[in-house]
Amino acid sequence: MERLVDVVVVGMGPGGEHLANRLAGAGLEVAGVEAELVGGECPYWACVPSKMMVRAAGLLAEARRLPGMGGKAEVTADWAPVAARIREEATDDWDDRAAADRFTDRGGHLVRGRGRLAGPGRVAVDGQLLTARRAVVLATGAKPFVPEVPGLDGLPYWTHRQAVAARRLPQSLIVLGGGAIGLELAQVFGRFGTSVTVVEAAGHLLPAEEPEAGRVLAEVLEGEGTTVRPGRTAFSVGHRPGGFEVTLDSGEVLYAEQLLVATGRRPDLTGLGLESVGLDPEADAVAVDGRMRAAPGLWAVGDLTGRGAFTHVALHQAESAVRDILGEDPPTDGDRAVPRVTFTDPEVGAVGLTEREAVERGLTVRTGTAELPSSARGWIHKRGNAGLVKLVADAERGVLVGATAVGPTGGEVLYGLLIAVDAAVPVTRLRSMIHAYPTFHGAVQAALDDLD
Ligand SMILES: Cc1cc2nc3c(=O)[nH]c(=O)nc-3n(C[C@H](O)[C@H](O)[C@H](O)COP(=O)(O)OP(=O)(O)OC[C@H]3O[C@@H](n4cnc5c(N)ncnc54)[C@H](O)[C@@H]3O)c2cc1C
Ligand SMILES: NC(=O)c1ccc[n+]([C@@H]2O[C@H](COP(=O)([O-])OP(=O)(O)OC[C@H]3O[C@@H](n4cnc5c(N)ncnc54)[C@H](O)[C@@H]3O)[C@@H](O)[C@H]2O)c1
């Protein structure tokens, strides 16, 4: 069976769904191909349910902070309402009817199945051939990267999907990987009573961010009873009834009821038929230009492009591709400053370059740091006030090229820093601004003063 449309979108996660809905809404004939659920990873197994978990765990932590601050509370953690909320409110029990209807109500043609390029402008899906007059867009996301650890293959370990769908929490958990997924979930489970150990290969947690952020997180997690093993990897893994046995490269042996592998996500290009359009199926990601073009008539957006695996990046890229496909005014720049927030407590908000990245680029780097507990708001806040603001400036241009805000609202404090970095606001101008008192973002002023 063959079908001719204007645009074929392969993969209907945040990137593909946004693009398909926008183009269908603009009157184009759009076929959206989806192998699992319309909406992709973010609403069903990632951002949304994990942030519901984070919110619940945050409430427990705040209640436990009451003594010495405002009374006392007897806190009894209960996973049942979290599991129910994930099923009923976040995922409709992993049913994508609402998202599918949003697309088809706009006139979109939803094709269930796994799409594969079959030459320029052509996509094959289970015996059906879709031909695009105007564009094919790849938006197939990424898959968990599981390291080759002896014994691990074939064992019933968790990825984030099983963690998010858990109806019952394990008594103990080893988390392999101290990045965003590992730390958000480790803290949630720890606060609900699971005994958690985090194993991170790099020298500090959250190695993509400033080391100071990783150190603050390690202190907070350890203070909550979580064991942290930075600079360690798994040497071997075994499993018997009752749980997992993980031997670290140091020789230490860890035991736990469950193992969560959170060692990164990678674009999965296998089976996409990239060779049929002259692209390398062995590449790490699908390379794109500033308009998200991958080849003539072919666009790619989202995690698949390897350019920052965040929903907001997928949406931004999708909008660039939409405008390019519609032939509208120049598409939005693909090189804007990318904000990143890890939703631990404290949150880690970051934008632009870390100090090390700035030095590696040969910039004349100045850094300024302010500790949150010694800021006015941090001191008032008291329990749960761990955090800092770190700024990275290019001294020659007199602008910030990177910034990190760790704290109870680090992701929100980030907004001002995002504007400063993205718009290259001169440091002299930032210093002359008035910061409201007493706010967490007030610490930015002290960090600016520290740049000298
Ligand atoms: C636990 C977790 C928490 C996260 N939290 C956040 C967060 O708080 N904030 C944030 O910004 N990001 C977060 N992320 C990252 C975010 O989920 C991704 O960046 C985002 O989902 C990427 O969107 P995408 O459209 O590129 O791909 P995906 O969401 O992966 O969607 C790709 C879709 O393509 C489909 N597909 C794949 N191959 C084919 C094929 N051949 N044919 C048809 N369909 C196919 C898949 O089934 C899927 O539905 C989190 C990720 C995880 C795992
Ligand atoms: N809040 C958010 O926006 C959010 C939340 C979760 C995930 N995400 C996205 O999902 C992506 C994947 O998340 P992730 O946490 O899996 O990846 P990640 O790359 O952020 O972290 C993986 C960690 O695992 C470590 N690691 C790798 N191999 C290891 C090994 N053998 N033993 C021990 N440690 C090992 C790495 O050093 C790294 O710190 C992230 O890049 C992020 O973009 C975003």
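Predicted model: local features only at pLDDT ≥ 70, side-chain atom pairs only at ≥ 80, totals over all residues.
Residues are numbered from 1 along each chain as its sequence is written, and chains are lettered from A, with ligands numbered from 1, in the order in which they are written.

**The chain as a whole**

The C-alpha trace spans about 70 × 60 × 40 Å along its principal axes. A compact globule of 452 residues would have a radius of gyration near 22 Å, and the chain, at 23 Å, agrees with that (taken over C-alpha atoms; the rule is 2.2 Å times the number of residues to the power 0.38). Of the 452 residues, 46% are buried; that takes 20 or more other C-beta atoms within 10 Å of a residue's own, while 12 or fewer makes it exposed and anything in between partly exposed, with C-beta atoms placed from the backbone. Among contacts with a separation of 6 or more, 65% join residues 24 or more positions apart. A contact here has the two C-beta atoms, placed from the backbone, within 7 Å.

**Helix pairs**

Two packed helices are described by the angle between their axes and the distance between the axes. The axes are lines fitted to C-alpha atoms over the stretch in contact, and angles run from 0 to 180 degrees between N-to-C directions.

| Pair | Angle | Axis distance |
|---|---|---|
| α3 (47-64) and α7 (180-191) | about 45° | 9 Å |
| α1 (14-25) and α9 (311-325) | roughly 30° | within 8 Å |
| α3 and α4 (80-90) | about 145° | 10 Å |

α3 passes α7 in a left-handed crossing, meaning that the near helix is turned anticlockwise from the far one by less than a right angle (clockwise is right-handed). On the α3 side the contact is made by S50, M53, V54, A57, L60 and A61, and α7 brings E184, L185, Q187, V188 and R191. These residues divide into seven nonpolar, two polar and two charged. Ala, Val, Leu, Ile, Met, Phe, Trp, Tyr, Cys and Pro count as nonpolar, Asp, Glu, Lys and Arg as charged, and the others, Gly among them, as polar.

α3 also meets α4, this time in a right-handed crossing. V48, P49, M52, M53 and A56 of α3 touch V82, R85, I86 and A90 of α4, giving eight nonpolar, no polar and one charged. α1 passes α9 in a right-handed crossing too.

Back in α7 sits I181, which counts as buried because it has 23 C-beta neighbours inside 10 Å. Leaving aside neighbours within four places in sequence, I181 is in contact with H160 and A262.

Where are the cis peptide bonds? One joins D345 and P346, with omega about 5°, and P346 lies in the loop between β18 and β19. Another joins Y437 and P438, with omega about -15°; P438 is in the loop between α13 and α14.

D126 has a positive phi near 45° without being a glycine. D126 is in the loop between β5 and β6 and is exposed, with 12 other C-beta atoms within 10 Å. A424, also not a glycine, has a positive phi of about 50°. Found in the loop between α12 and α13, A424 counts as partly exposed, with 14 C-beta neighbours inside 10 Å.

Key. Helix = DSSP H or I, 4+ residues; strand = E, 2+ residues; numbered from the N terminus.
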